[in-house]
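Here is a short briefing for a first look. Please have the sequence and the 3D view open as you read.

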Amino acid sequence: MIKSIGKALRVTTKKYISAFLNGIFILILLLFILDGLTPIYIKSQAIKWFAYFGILVVTPLNLIWNLWTFKTKKWKIIGATLPVLALIGLLITGPLNIVFSASAWKTQKIVYQNRHLKFKKVELQMQDIGALGYNKRTVEVLYLTDWFMIVTPVAKDIDKSVEWINVDKEVNEINFSK
C-alpha cells in the first residue's frame, strides 16, 4: 500500500516537472523566435537574456528530460521532436552568434517623433556586442509596451514628410559618459 502511494507520488511529480519544463521551453522558444524572426523586438534586457541564454540551456535539458521520463516510444518521439528541431537550429545559427545577439537594442537618440502617435518614433539605436564593440541602426520604432517594440526600416525621405517632427532628443540608454 505504502509502496504504491510512493510510486504514484513519483509519477505525479514527474508529470508536474515535465509540464513545467516543457512550458518554460515553449515560452523561451516563442520569445526567441519572436525576437529573431519577426519585426517585433524585445526591448527589456532581462527578458532578452532569459530567451537567448534560456534557449541554450533549456533545449538540451528538455530533450534529456523528455527522453528520460516518457515511457512509450510514441511519447519519446513526440517529446523529443521540438527540442531536436530547436537544437538543430541552434547548431546551424551557432551558440556564439546567439550569445552576441543577446544584448537588447538601446535608444541613444530620438531623431523624429510622429505628430499623431506619440509612441511611434525614429530612433538611433545601439547594441552592445561585447568586445566586438557596438552595432548601430536608425529605425522607425512603434512601442507596444515597455518590453516589446515593432521595428521597421526608415524611409530615405523621412525629413520631407509632414507626419514627423524633428526632435533630436538625446536618451543615452547605454550610459556613455559625456
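Which residues line the second largest pocket? They are Phe32, Ile33, Gly36, Leu37, Tyr52, Thr93, Asn97, Ile98 and Ser101. This is a predicted model, where local features need pLDDT of at least 70, side-chain atom pairs count only at pLDDT 80 or more, and totals for chains, interfaces and linings use all residues. Residues are numbered from 1 along each chain as its sequence is written, and side-chain values use heavy atoms, with hydrogens and water left out.

**The pocket**

- A pocket is an open set of points on a 1 Å grid over the protein atoms alone, where a 1.4 Å probe fits, with protein on both sides within 12 Å along at least five of seven lines; lining residues have an atom within 4 Å of a point.
- The second largest pocket has a volume of about 150 Å³, a volume being the space filled by probe spheres set on the points, which are joined across faces, edges and corners.
- Helices are DSSP runs (H or I, at least four residues), numbered from the N terminus.
- Helix α1 gives the largest share of this lining, four residues.
- By class, the lining has five nonpolar, four polar and no charged residues. Ala, Val, Leu, Ile, Met, Phe, Trp, Tyr, Cys and Pro count as nonpolar, Asp, Glu, Lys and Arg as charged, and the others, Gly among them, as polar.

**An aromatic pair**

- Rings of Phe, Tyr and Trp (its six-membered ring) pair if their centres lie within 6.5 Å; planes under 30 degrees apart are stacked, over 60 edge-to-face, the rest tilted.
- The count by this rule is three aromatic pairs.
- Phe32 and Tyr52 form an edge-to-face pair, because their ring centres are 4.9 Å apart and their planes stand at 65°.
- Phe32 sits in helix α1 and Tyr52 in helix α2, 20 residues apart, so the pair links distant parts of the chain.
- Phe32 is buried at 17% relative accessible area, and Tyr52 is buried at 6%. Buried means under 20%, exposed over 50%, partly exposed in between (1.4 Å probe, protein chains only).

**The nonpolar core**

- A nonpolar core is a set of buried Ala, Val, Leu, Ile, Met, Phe, Trp, Tyr and Cys residues joined through side-chain atoms within 4.5 Å.
- The largest one has 18 residues, and Leu31, Ile42, Tyr52, Ile55 and Ile98 have the most contacts inside it.
- Helices α1, α2 (45-69) and α3 (73-93) each supply at least two of its residues.
- Leu31 lies in helix α1 and is buried at 13% relative accessibility.
- Beyond its neighbours within four places in sequence, Leu31 contacts Ile42, Ile47, Phe50, Ala51 and Phe148, where contact means heavy atoms within 4.5 Å.
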